[in-house]
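Here are some friendly notes to read alongside the model. Please keep the sequence and the 3D view open as you go through the points.

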Amino acid sequence: MINGLDFRRLRRSGLALGAFALSATFLLPAVAPDAPAFIRTAMAEDTQKADVSRVVSVGGAVTEIIYALGEEGRLVGRDSTSTYPEAAKTLPDVGYMRQLAPEGIIAVNPSAIVAVEGSGPPEALAVLKEANIAFTSVPETFDKAGIPTKIRAVGAFLGVEDKAETLAKSVEADLDAAVAEGAARADGERKRVLFILSTQGGKVMASGQGTAANGIIELAGAVNAVGTFPGYKALTDEAIVEAKPDVILMMDRGGEHAAKAEELFAMPALSLTPAAQNKALVRMDGLHLLGFGPRTASAVRELNAAIYGKKANASQ
Amino acid sequence: MPRSEALGRGMRLTGLAADIRNEWRAGNRSRLARLLVVALVVIAIATFVGSIMTGAADASLANVWRWLIGEADQALSIRDRIIILDIRLPRAVLGMLVGASLAVSGVVMQGLFRNPLADPGLVGVSSGASLGAVLLIVLGTATFGPLFALFGFYALPVAAFFGGLVTTLLLYRIATRGGRTSIATLLLAGIALGALTGAVTGVLVFMADDKQLRDLTFWGLGSLAGANWTKILAAAPIILLSLAVTPFLARGLNAITLGEAAAFHMGIPVQRLKNVAIVSVAAATGASVAVSGGIGFVGIVVPHLLRLVIGPDHRYLLPASALLGGTLLILADMIARTIVSPAELPIGIVTAFIGAPFFLWILLRGRSNMGL
């Protein structure tokens, strides 16, 4: 080999170096603990009952639940998804729930953190645990049963089980009543709803199985028009036409122009759907719609009304 | 510290600054370079300590220090210890390591390819390393179970290292013909490889589930937020080893400035030099990307800035770049984690804000002597 890289020589010198670099690191796992702690002592006192007097709340639904329980006096911080009620916005924002910074949280001096399942990153949570800040992860499911479960979990952590039980019961009853309307509907008249997360660059991101959007559509007695894939995925134009949605559902990001609906239905694929013919676009506040918190019953009613047009206050 | 001693140290520092100014005026590049390396050591240490002292939360470094050297009554608060030793110190150490490794990789690549634009980020080596890491995350335990079992928490740096190595080798293969590396081919091939690895990463992102996606977003912007001792232990040996090799390349890289043939006739084992340089760049970049994601512009801004001041001699350029790269990254991290506190910005945003305008300035300033 005359030109370029001589692999035979590389084997001798270069790869020898590489192999050494790699092999040197093998010696270390024995020394390294599998957790980030520099020193792990004086952790014993952590096992007693957690101090929940100063709480950081992570996740919009969790924050709503704390307010609904009337325990907002304990809050010293919240994440950026916690935008309801209005008062929550005045609390220090410790960042996006999936990109928490440990020092930022420690800076608001909390004694405990309540976070919805999926908050992180794990490294940050590990450090916070190390800092003796009590932590609980509230399980997240996008169905009817998940909401009272969340409320009870938050209540148990805050030590207000009784209040939580009362709230859970009333939320559950309210939710049952709201869902009953949709559930009573015959299968034949259920409308097909397409939830569109975004239309960035003309690409429709829609919600499949296991998403909050899928959950709320089902609770409202409708059918997710694209229930064949998990998570949020970009759809092809043809798949949109095939999905035959009767209604398009989107988050209302605020300050949206009225012309947006026309633009949306002018997209070639969407223009061929029943939704476009009926100009059936529903916009709802994202946290209200997808939060799966105490307000979900009202979200179900609003969505139900918007889809089936029983009430006049349905958004356009 | 006694007053007189502090005064003495202050005098020495101002003396150093004055010396540097004199040598700069006199145009004495090599003496200037030596002084600058000393100055950079001081600046790096000051930045390092400063970064440990500042942050969103209050913590007393003095208390932690007293506790560490065993002087304190054991009343040191867990909070102080966690903030200083488990949050800020790992970030500063990782910032120093990653910054040094990116800057030195930049110098080595620029020297090797005799091209001022070569930078692990710009020519696709970082995206190759990212691809290695992303492959591991998405295909994960199903496909790479044995790798996880074998490497434990080193699996990610190792995967990133191989991603970086394969990309670097490919790039080198493509751009070199008859022992000569074409600048245009190198850049174009780098762009092509970057696009290709980006595309494969895109496929994987599409396949990823929501949880994996969360792990993946990190690779795009880069961050030191996940710094902890485990990560440092995983990356430091690879980075330090590849940095330790580079001083031995300095003479060879200087000779290569005159062309590979000339270097060969000067008695430089050119082929071996290239091989060692490529492996060390791939290892350093791969390990850095694995622990901190794709942090751009450090590898291109730092070497250029230093070349403007101390000239092209790699004997000084390499250590100076390591020091300045680490210092800059620690500073960028300080900005990232304090400017929107208690939340924080991804550091890639900060380095791009500092780096991109500077890069443009270099471009405009030196268009003619860069062969553009």
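1. Buried here means under 20% relative accessible area, with exposed over 50% and partly exposed in between (1.4 Å probe, protein chains only). The buried set consists of Gly60(A), Ala61(A), Val62(A), Thr63(A), Glu64(A), Ile65(A), Ile66(A) and Tyr67(A). After H3(A) comes Gly70(A), with a positive phi near 75°.

2. A word on the ground rules. This is a predicted model, in which local features need pLDDT of at least 70 and side-chain atom pairs count only at pLDDT 80 or more, while totals for chains, interfaces and linings use all residues; side-chain values use heavy atoms, leaving out hydrogens and water. Residues are numbered from 1 along each chain as its sequence is written, and chains are lettered from A and ligands numbered from 1 in the order in which they are written. Helices (H or I, at least four residues) and strands (E, at least two) are DSSP runs, numbered from the N terminus.

3. Now the sheet of chain A. Its 4 strands form an open, parallel sheet in the order E2-E1-E3-E4, where pairing requires at least two bridges found by DSSP. Strands E2 (75-78) and E4 (134-138) of chain A are at the edges with a single partner strand each, so one side of each has no neighbour in the sheet. On average, neighbouring strands are turned by 20° against each other, direction ignored.

4. Strand E3 (residues 112-116) of chain A pairs with E4(A) in the parallel sense over 5 bridges. Within E4(A), Ala134(A) is the residue opposite Ala112(A). Helix H6 (residues 146-158) of chain A lies across E1 (55-58), E3 and E4 of chain A, and runs at about 170° to E4(A). Axes are lines fitted to C-alpha atoms, for helices over the stretch in contact (heavy atoms within 4.5 Å), and angles run from 0 to 180 degrees between N-to-C directions.

5. In chain B, helix H3 (residues 61-68) packs against helix H4 (residues 78-112) at about 90°, their axes 9 Å apart. Leu61(B), Asn63(B), Val64(B), Trp67(B) and Leu68(B) of H3(B) meet Asp80(B), Arg81(B), Ile84(B) and Leu85(B) of H4(B).

6. Please keep confidence in mind: chain A has a mean pLDDT (the predictor's confidence in each residue, from 0 to 100) of 82, and 81% of its residues reach 70 or more. Over residues 23-47 of chain A, pLDDT stays under 50.
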